[in-house]
Amino acid sequence: MEKTAKNQILDSDIARLLLKHRKEKNWTVTELAQRSGVSQAMISKVERGASSPSATILSRLANALNITLSKLFAELELNHNSMVLSADQQQHWTDEQSGITRWSVSPAGATPELIKVEIPALGQLTIPAAANEHLSGQTLWILSGSLDFKVNNQTHHLQVGDCLALTFASEYQMSNPDSDQCCTYIVAFSHKNQ
C-alpha cells in the first residue's frame, strides 16, 4: 500500500510493530500462528509488509500478542506525550479488504479512548470476542448513516444519534445496510487495568 493521504498508517508501519511485539515475546512465527489462529504464511506476509491485513486478522494478531488493536495503533501516533492530538495529526488506517477506515481521534493514553470508524455502503465487519478481552467496555455513537450491529444473536438497527453500550467481550458483526451512504460512528472504550 502506498501512502495515499496525510497520516495514513502504512502496511510497513504495521509490519514493523507486529514484528517488534512478536520478538519482544521471543516467539517464532509458528508460536504466534498457534496463539492467534492466523496462518504462518499470512503472518510472514504481514510482517514483511507484503500483504495488507484485514481488521479481523490484525485483531487476532494483536490479541495474541496481548495488546489491543487501539494500543497497537497508538504506538504509531505522532505525539505520544501530548494532551492534544490536532485533527491534522490524527492517523487513520483503511482495511483494504472491507474498505473500512479507522481514525485515532484521542491522544495516546487517553481514557476513554475515542476512535472514529467509517463503514462504506453495504460494508461489513466481524470482530472476534478475543479482540475485546482487554476492554472494560465500549460505547458506539452513530454520527451518519445507519448500522446493523449483531451481538449474542440479537441485531440492533442503529440510526444517527443512537448509542450502543457493550460491557462484555463477545464476537460482533457490523454491517451498513445502506447501498448509497457510508456509516460513520465514534467508539469510546476503556482498557481493563493491567
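Six strands make up an open sheet, in the order E1-E2-E3-E10-E5-E8, and the pairing is antiparallel. Strands here are DSSP runs of at least two residues (E), helices are runs of at least four (H or I), and both are numbered from the N terminus; two strands pair if DSSP finds at least two bridges between them. At the edges sit strand E1 (92–94) and strand E8 (163–166), each pairing on one side only. From one strand to the next, the twist averages 20 degrees, with axes taken as lines fitted to C-alpha atoms (for helices, over the stretch in contact) and angles running from 0 to 180 degrees between N-to-C directions.

A word on the source: this is a predicted model, where local features need pLDDT of at least 70 and side-chain atom pairs count only at pLDDT 80 or more, while totals for chains, interfaces and linings use all residues. Residues are numbered from 1 along each chain as its sequence is written, and side-chain values use heavy atoms, leaving out hydrogens and water.

Back in that sheet, strand E2 (residues 101–104) runs antiparallel to strand E3 (residues 113–119), and the two share four bridges. Look for Arg102: its bridge partner in E3 is Val117.

Next comes an open sheet of four strands, ordered E4-E9-E6-E7 and also paired antiparallel. Strand E4 (124–127) and strand E7 (154–158) each have a single partner strand, so one side of each lacks a neighbour in the sheet. Here the twist averages 15 degrees from one strand to the next. Strand E6 (residues 147–151) and strand E9 (residues 172–175) are antiparallel and joined by four bridges, and Val151 has Tyr172 as its bridge partner in E9.
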